[in-house]
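Have the model open while you read.

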Amino acid sequence: MALFLTVFLVCLLIIGGMVAILMTARTPRYRTEPEHLLALFDQALESRVNENEWNAVIGYPIRHDEYLEGVRRRAHRLMDDHGRHGRVARGKPLLDSEGQAELAALRDHLAARTALRHDRRQE
């Protein structure tokens, strides 16, 4: 009987510990920052990004910043309008020339806004 109680208490302790760990641990979240988008746009403009990386970042909604969500949606629309599946695999840029120009303008606008917000924080 003592052996049964010992095994039961050890199992109860292990299961209780696991439940406590699972209750206190949070789900990891990926938080897209302006620097991530700028780096991705730079890679796309230099034809160094692959489609999977582009789709992983641009396909993930941004819930903490409405402006960044708008930029993400615009980049997604650019891919729909000016990109073709498999262009990078054939050695071509992710977007056609018009899409590249629009992406460069979107990147410059995001960089200017990010620099402005950074300057305001330092004042």
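This is a predicted model: local features need pLDDT of at least 70, side-chain atom pairs count only at pLDDT 80 or more; totals for chains, interfaces and linings use all residues.

1. Start with the second largest pocket, which holds about 160 Å³ of space. Its lining is made of Arg-29, Tyr-30, Arg-31 and Thr-32, together with Tyr-60, Pro-61, Ile-62, Arg-63 and His-64. Sorted by class, that lining comes to four nonpolar, two polar and three charged residues.

2. The largest pocket has about 210 Å³ of space and a lining of 14 residues. Nearest its centre you'll find Glu-33, Pro-34, Glu-35, Arg-117 and Arg-121.

3. Which helix gives the most to the lining of the largest pocket? That's α5, with six residues. α2 (34-45), α4 (66-82) and α5 (97-122) each put in at least two.

4. Now look at how α4 and α5 pack: the angle is about 170°, and the axes are 10 Å apart. Since angles over 145 degrees count as roughly antiparallel, α4 is therefore roughly antiparallel to α5. On the α4 side, the contact is made by Tyr-67, Leu-68, Val-71, Arg-74, Ala-75, Leu-78 and His-82. From α5 come Glu-98, Gly-99, Glu-102, Leu-103, Leu-106, His-109, Leu-110 and Arg-113. The contact residues split into eight nonpolar, three polar and four charged.

Terms used. Residues are numbered from 1 along each chain as its sequence is written. Side-chain values use heavy atoms; hydrogens and water are left out. On a 1 Å grid over the protein atoms alone, a cavity is a set of points where a 1.4 Å probe fits but cannot get out, and a pocket is an open set with protein on both sides within 12 Å along at least five of seven lines; lining residues have an atom within 4 Å of a point. Grid points are joined across faces, edges and corners, and a volume is the space filled by probe spheres set on the points. Helices (H or I, at least four residues) and strands (E, at least two) are DSSP runs, numbered from the N terminus. Ala, Val, Leu, Ile, Met, Phe, Trp, Tyr, Cys and Pro count as nonpolar, Asp, Glu, Lys and Arg as charged, and the others, Gly among them, as polar. Axes are lines fitted to C-alpha atoms, for helices over the stretch in contact, and angles run from 0 to 180 degrees between N-to-C directions. Angles under 35 degrees count as roughly parallel, over 145 as roughly antiparallel, 65 to 115 as roughly perpendicular and the rest as oblique. Contact means heavy atoms within 4.5 Å.
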